Amino acid sequence: MANENDVFTREFEVESRKVTLTLYQKEVGDVSCVVWDASIVLAKYLDVLCSENRLGKDWLVGKKVLELGAGLGCVGMTAACLGAEVVLTDLANVLPALNNNIEMNKDVWKRSGGSARAEELDWSKHPVVDFKPEIVLLADCVYYTESIEPLLDMLKRLCEATNDTYALLAQEERDTPNQKPVWSQFVEAIKKKFKITPIMLSEQHPTYSSRDIRVLKLTLPSKDKKDIQ
Ligand SMILES: C[S@@+](CC[C@H](N)C(=O)[O-])C[C@H]1O[C@@H](n2cnc3c(N)ncnc32)[C@H](O)[C@@H]1O
């Protein structure tokens with residue numbers, strides 16, 4: 001039988017940089033012990049944006065990026081491989097596994113000039129975030145009702161950090177009696193605070209995208225600009 005020390009890995013290729021991350025996952029643990037599909041879809045979308053026929057490989061270079069609910073860090077570490085200065089955040093109990101993934105992969109983003117570090121950030125504790133992100137990333141973070149308001153407040157405060165800050169969110173829409181209403185409530189609540197721009201499947205990675213996984217750009221109405229920048 002598996003126990004909490006059992007680890008398995010998944011290779012994740014950042015295609016535009018021709019580098020591979022190794023993601024260390026646990027056989028036993030809570031929601032943060034594995035890499036969720038929404039994370040893969042969002043990380044691959046960032047990679048697609050950095051391809052030559054989209055925004056180009058320098059798009060994320062030097063950008064300040066903050067990931068919420070990073071889990072094992074697939075999305076944030078991908079952003080680091082693409083040249084961003086990334087702070088990956090999650091609850092305190094998740095940080096050991098997240099830090100381990102950062103430590104095991106830190107040489108992968110060396111050449112891009114990117115960086116990655118982990119910090120505790122609990123949405124419900126309203127801490128002051130001492131980092132002004134230009135892009136906020138979050139994958140599969142909408143899964144329990146109590147988190148909706150604190151998560152939205154956190155997103156709003158982070159998106160107020162600079163004149164151009166926006167969020168990219170990926171979320172698997174689950175058709176279960178528990179999860180369906182949580183997503184509907186989130187969408188209703190977020191509509192009141194943000195302009196939502198859905199990222200079409202045709203704009204995402206041709207393989208690592210799915211009808212069940214929404215990718216949304218969230219912009220505060222006062223800061224709306226048409227394109228990803
Ligand atoms: C389903 S996991 C997704 C992890 C990762 N983004 C992925 O897609 O692989 C949800 C993440 O949200 C984090 N989370 C849940 N509630 C949180 C809160 N109040 N503050 C910060 N993080 C939270 C969990 O610890 C977990 O890592």
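1. Two strands are taken to pair if DSSP finds at least two bridges between them; helices (H or I, at least four residues) and strands (E, at least two) are DSSP runs, numbered from the N terminus. On this basis, K64 stands opposite E85 of β4. Parallel pairing over 4 bridges joins strand β3 (residues 64–68) to strand β4 (residues 85–90).

2. The model is predicted: local features require pLDDT of at least 70 and side-chain atom pairs pLDDT 80 or more, while totals for chains, interfaces and linings use all residues. Residues are numbered from 1 along each chain as its sequence is written.

3. The strand order β5-β4-β3-β6-β7-β9-β8 describes an open sheet of 7 strands with mixed pairing. β5 (115–120) and β8 (195–198) are the edge strands, each with a single partner, so one side of each has no neighbour in the sheet.

4. Helix α1 (residues 37–49) and helix α2 (residues 74–81) have axes that come within 8 Å and cross at roughly 15 degrees. Axes are lines fitted to C-alpha atoms, for helices over the stretch in contact, with angles from 0 to 180 degrees between N-to-C directions. The two helices are therefore roughly parallel (angles under 35 degrees).

5. On the α1 side, the contact is made by S39, I40, L42, A43, L46 and D47, and on the α2 side by C74, V75, T78 and A79 (C-beta atoms, placed from the backbone, within 7 Å). These residues divide into 7 nonpolar, 2 polar and 1 charged (nonpolar: Ala, Val, Leu, Ile, Met, Phe, Trp, Tyr, Cys and Pro; charged: Asp, Glu, Lys and Arg; polar: the others, Gly among them).

Note on methods: Parallel < 35°, antiparallel > 145°, perpendicular 65-115°, else oblique. Contact = placed C-beta atoms within 7 Å.
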